[in-house]
Amino acid sequence: MGLGFRLFVRPLLAVMDSEKAHARSLFMLRIQSSSFIGRFFLRALYSPHELPQRCLDLDFSNPLGLAAGMDKKGEALKGWESMGFGFIEMGGITMLEQQGNPKPRMFRSSPHQGLINRMGFNNPGSEKTQKRLLKSLNRGGLPKVPLLINIGKSKDTPLEKASADYATTVACLNGFADAFVINVSSPNTPGLRKLQSGDELKKIIEACQLKNERQIPLLVKVSPDLSDDDLATVVQVAQESGCAGIVATNTTTSRPDEGKIMSQEGGLSGKPLNDLSTQMIRKIADLTDGNWPIIGVGGICDAEDAWQKIINGASLIQIYSTLVFNGPSSIKDIVNGLKKRLKDEGLSSLNEAVGLARM
Ligand SMILES: Cc1cc2nc3c(=O)[nH]c(=O)nc-3n(C[C@H](O)[C@H](O)[C@H](O)COP(=O)(O)O)c2cc1C
């Protein structure tokens, strides 16, 4: 963790409401990354060494991405790129604009290094997002690193019309994304996780494929709380319907502990999710013989956590919560740590490490 973050930023954020702190940090990043000089300083401070990876027919300068939910509207895309992320997942975006659940809806548990959120897909909706991204595109504000867009279902759309909701967002945003992530695993939209069942998921993926004019990769994001049978169904249906890969995992409704924060309703992320998410990655890699791209996310706090995700089958990885607890120097720590680990293990590329624990 950077000294500046530990001494000044973390104590300040700790006394602020979690959502306010998040909004202020995002605002500051947007301002700082709007100028060349600001981006130069971000790169100088945080950017890691290159650690190239090729996956999903895309080139990545390193395997670490920003997880969905941190930049829902795509406000600071250039900022995340300057800080050294190898890719960015913005969103989740739903067809309709929505406010999300009543506040407070985001809670920090510092002793656990965990976050509980029940945001409920607060986002500007697909049309406004299209306009915002078009504006960014015209101003040269889209990142050069791969941009994934996470899509969810609008709360007011009934479950039986979910496929049209997802497909409308795909149609609206097709021109801006390098891949879409179909999120059927957020615990904060009533009934959403039911869309992980075979028939429903198939309908959604097929509807999205029809609107996927540029034929960019579609991935499905799964919950860490799925039973083994349900996970096997999701994997089979997603593969058969032409999905290019899977994102594992979203937040969990399980709790490692009791207490005031832990008893909040919502999805838990951060350190307490790490092992559960790594186990899911391993199960998916075993189900697919390691032949289907997995983006591993959930509880990565350092290079060792990232390494475990990779050797259990993840080709790419993402972080969210550790940015809140350990600051942006986590990016450098994780990528440079992975690079050193590869060298120590005598491996010459990241792909040689993917799934190593399964051999
Ligand atoms: C406040 C918050 C909002 C999130 N919003 C989304 C979302 O809109 N879509 C999604 O697929 N995941 C969302 N996530 C889940 C993250 O993308 C990630 O899967 C999860 O936090 C686990 O990673 P972490 O332990 O590194 O935080 C959200 C997480 C948090 C903490």
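Helices (H or I, at least four residues) and strands (E, at least two) are DSSP runs, numbered from the N terminus. This is a predicted model, in which local features need pLDDT of at least 70, side-chain atom pairs count only at pLDDT 80 or more, and totals for chains, interfaces and linings use all residues. Residues are numbered from 1 along each chain as its sequence is written, and side-chain values use heavy atoms, with hydrogens and water left out.

**Lys 332**

Helix 12 (residues 329–344) holds Lys 332. Its relative accessible area is 27%, so Lys 332 is partly exposed. Here buried means under 20% relative accessible area, exposed over 50%, and partly exposed in between (1.4 Å probe, protein chains only). What does Lys 332 touch, not counting residues up to four places away in sequence? Its contacts are Ala 44, Leu 45, Tyr 46, Ser 47, Pro 48 and Gly 337. Contact means heavy atoms within 4.5 Å. Leu 45 is 287 residues from Lys 332 along the chain, yet their C-alpha atoms are separated by 9.1 Å.

**A positive patch**

Lys 73, Arg 132, Lys 135 and Arg 139 form a positive surface patch. Patch residues have over 30% relative accessible area and no salt bridge; like charges are joined within 9 Å, and nonpolar side chains (Val, Leu, Ile, Met, Phe, Trp, Tyr) within 5 Å. A salt bridge is a side-chain nitrogen of Lys or Arg within 4 Å of a carboxyl oxygen of Asp or Glu. Lys and Arg count as positive. The charge is placed at NZ of Lys and CZ of Arg. Accessible areas come from the Shrake-Rupley method with a 1.4 Å probe. Lys 73 sits in the loop between strand 3 (64–66) and helix 4 (77–82). Lys 73 counts as partly exposed because its relative accessibility is 34%.

**Backbone in the loops**

| Site | Feature | Angle |
|---|---|---|
| Lys 103 to Pro 104 | cis peptide bond | omega about -5° |
| Ala 248 to Thr 249 | cis peptide bond | omega near 15° |
| Gln 113 | positive phi, not glycine | phi near 50° |
| Asp 289 | positive phi, not glycine | phi near 50° |

Pro 104 lies in the loop between strand 4 (87–93) and strand 5 (106–109). Thr 249 lies in the loop between strand 10 (245–248) and strand 11 (267–270). Gln 113 belongs to the loop between strand 5 and strand 6 (114–117). Asp 289 belongs to the loop between helix 9 (274–287) and strand 12 (294–297).

Is Asp 289 buried or exposed? Asp 289 counts as exposed, because its relative accessibility is 56%. Gln 113 has a relative accessible area of 25%, so Gln 113 is partly exposed.
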